[in-house]
Amino acid sequence: MILKKISHAVCMSFLCIGIATHAAVVPEGVKLDKEQRLIRGNGSEPASIDPQKIEGTPGSAIARDLFEGLVSNAQDGSVIPGVAERWDVSKDKMVYTFHLRKDAHWSNGDPVTAEDFVYAFQRGVDPKLASNYAWYFELAAIKNAGAIINGKEDRSKLGVKAVDGHTFQVTLEKPLPYFVKMMVHTTTYPVPKKVVEKLGSQWTRPGKMVSNGAFKLKSWVVNEKIVLERNAEYWDNKHTVLNEVVFLPIQERNAELDRYRANEVYLTYERLPIEQFKRIKKEMADELHITSQASTYYYSFYTRKKPFDDVKVRKALSLAINREVITDKILGMGQLPTFNLTPANIDGFKAPENNIAKLSQKERNEMAKKLLAEAGYSKDKPLSFTLLYNTDDNHKKIAVAIASMWKKTLGAKVSLENQEWKTYLDNKRLGNFQVARAGWNGDYNEASTMLDLMTSKNSLNDPKYNNPEYDQLLVNAVKAENPGEFYLKAEQLLARDVPIAPIYHDVTARLVKPFVGGYHNQDPLNNIYSKDYYIIKH
Amino acid sequence: MLKLIMRRLVIAVPTLLILIAISFFLMHSAPGSPFTSERALPAEVLANIEAKYHLNEPVWKQFFIYLGNLLQGDLGPSFKYKDYTVNELLAQAFPVSAKLGIASFVVAVLFGVTFGVVAAIRQNTWIDYTSMTVAMTGVVIPNFVLAPLMVLIFAIMYRWLPAGGWNDGQFKYMILPVIAMATHYIAAIARITRGSMIEVLNSNYIRTARAKGLPGGYIIFRHALRPTLLPVVSYLGPAFVGIITGSVVIETIFNIGGVGQLFVNGALNRDYSMVMGLTILIGVLTISFNAIVDILYGLIDPKIRYA
């Protein structure tokens, strides 16, 4: 009973946040422009805009405007109600019941029902649809997700149920404290069952697509633009100010910057050209918005082969990287140097006290030299290896700098090898590397989104780090009331065993025109929603 | 003539088949697959996807499945753009590239031939030097330098023209991409025309025409221009295919949804069906235009006759 009260109170507080911040709030005295049209740079052509077929950020960015899931993100990254106005959890934390708002409608006027969510979730794991993100439902521990993906169970056996038209229930295989947080992901968005069943893969076309977000699809020219228009059926349409949102798939950062300067893009994608950054900072300081991201850039050591099976070698190399040079001199956008895999801005994560971080680089270099000597390397027998990265100017600059640090401090002979993206991924996965660049952006705002990477069975564990103690810590964290201490210990193990050398935590660097109101994104996952914005008269 | 066309057609079929086979097996032997991603997919998810696209079959079997579909005009689903088939994507992108290409081609031929002829007639005068300097500049400045430079001047500084976009090929959206694309060809055509014209002007029959007292303009247009254009035409055939099947540089800089972007992204994404579809499209166009050039040759120069 008490639990129910608490969860109700929590839900109510979420609801308040929702009303307060999750819509465009135009301050008094601000004059709105006649043309309420936002033009956004969107990185590249989306692979799909069908929630369960989306892969990658460009598709998700559009889906966040077209659809609304159970929950959303406020601009500070916190989870707020979406179609679900509240939810409660069973005592054993295995059953989540979402109460859907009765005024939520699809753009064709039909109500958004629990049945639509059931259909979407089942679709996500259906081997016939073969979604790239099917694993996400398994990660979210939804009952039978794994078995259905494997083809051992029918999709109807998934742990989801429409209790009634507006009550959606999810049963888990094990308690998962961050389950609700995981529901901000676009792959969990609802789709209109009737429309998808009738039109099949054609349902995402302009004129046919039906969606439940603040906007609906107006037109789509592949590799040129996707235009969305206001959805009058959206439950909170009265708070939407924009009438139109245009997404431009501009791949080249310099081209995007040109379009921005020519007033043809109002809000850029996530990155700016590094070689122009100083100028941007000087000339457009007011329009530049830097947000720290749940993202880490690191180097992986292949721990299964010599010389990187020796922790002393790995540690020496990690110590000898002068991270401030990378973040301040090479990148200079506000990236944070780090010795941890998990960024400090992740919800509920407290970074461990790190003695190494407190040392000066000179002291670290001394330690590194000593360690490498202990590992048996010297001037006559220098450490020599290849550093692999995927072809990209920024990765190259960083690799060149770090290789020269290793050479200068440790006398290591480093050859650099760059490979095109898919070749690089393949080689990394097969263990055809010695040291390789890697990076990861969190999928949800919780430390396990990063720390899971180094568990022995994770497909992203390129170093092939295998420590049962580490694996157990992450298993325990899921069950724990306060998982923070387990995460802390996991980070300490990584610092001890050094399968990776964390280098920095990344930022989102974005230009926003002064006449775009409402932008104050602080979300570490960088999930932004156009409906929060408005165009000021200019 | 009919015989020539028939013979071309008979050769075209095996040529295309070889092209398709080589591209298919090369594409499939590249490291990585369409579904290689940073987060390697769990084995069971990958198995489901591969089954959906027949990637679980041996490559030779996939090849025959592909050929079978191709015979029915089906280029398959795009492996990357899940909401579209390759046929749909090509139907959307090819007209865009073709419009941009044909406009650039017309501009390139008009200016190129004019510059070349004028330079040849006024050989070794300031007119010749100026037009050839401009032509050389056009050849050596790559369009990835020229295009952003024009954007900087005309779109950012003066705001006369848009910096990008296509909007169904509205005139103002076409100007900068067409200039950026045509410049290189203008330069090349001008140089070829000039060289060829000078050679023709020094030939005996032109000297005879001059001796007969024919007016200069008449000699140029009636007697000299046709043979001058022979090397130009043999350059233009393949160039035309290149120009209408899109330029990745121009399309990327100006954010135009043409074939060039599809091709490069297709290769990077290992979008097998997309790359195959484009290879076939470009293959068919190349074979066709080479045939057209051969026919044009016969028309321009009666000395060249194909049995």
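User: Which residues of chain B does the UniProt annotation "transmembrane region" cover?
Analyst: Keep in mind that we're looking at a predicted model here. The annotation comes from an unreviewed UniProt entry. For chain B, that entry gives residues 100–121, 133–161, 173–192, 232–254 and 274–300.

User: Take residues 173–192 and 232–254 of chain B: how far apart are the end C-alpha atoms, and what's the helix content?
Analyst: Residues 173–192 of chain B have their end C-alpha atoms 30 Å apart, with 100% helix and 0% strand. For residues 232–254 of chain B, the strand share is also 0%. Their ends sit 29 Å apart, and the helix content is 83%.

User: What does UniProt list for residues 79–459 of chain A, and how much helix and strand is in there?
Analyst: An unreviewed UniProt entry lists that stretch as "domain: Solute-binding protein family". The end C-alpha atoms of residues 79–459 of chain A are 28 Å apart. The span comes out at 31% helix and 21% strand.

User: Are helix 1 and helix 3 of chain B roughly parallel, roughly antiparallel, roughly perpendicular or oblique?
Analyst: Helix 1 (residues 2–29) and helix 3 (residues 59–71) of chain B have axes that come within 11 Å and cross at roughly 135°. Angles over 145 would count as roughly antiparallel, and 65 to 115 as roughly perpendicular. So helix 1 of chain B is, relative to helix 3 of chain B, oblique.

User: Is that crossing of helix 1 and helix 3 of chain B left-handed or right-handed?
Analyst: Helix 1 of chain B passes helix 3 of chain B, and the crossing is right-handed.
The handedness asked for: right-handed.

Notes:
Residues are numbered from 1 along each chain as its sequence is written. Chains are lettered from A and ligands numbered from 1 in the order in which they are written. This is a predicted model: local features need pLDDT of at least 70, side-chain atom pairs count only at pLDDT 80 or more; totals for chains, interfaces and linings use all residues. Side-chain values use heavy atoms; hydrogens and water are left out. UniProt positions are given in the numbering used here, feature names are shortened, and annotations may be inferred rather than shown by experiment. Helices (H or I, at least four residues) and strands (E, at least two) are DSSP runs, numbered from the N terminus. Axes are lines fitted to C-alpha atoms, for helices over the stretch in contact, and angles run from 0 to 180 degrees between N-to-C directions. Angles under 35 degrees count as roughly parallel, over 145 as roughly antiparallel, 65 to 115 as roughly perpendicular and the rest as oblique. A crossing is left-handed if the near helix is turned anticlockwise from the far one by less than a right angle, and right-handed if clockwise.
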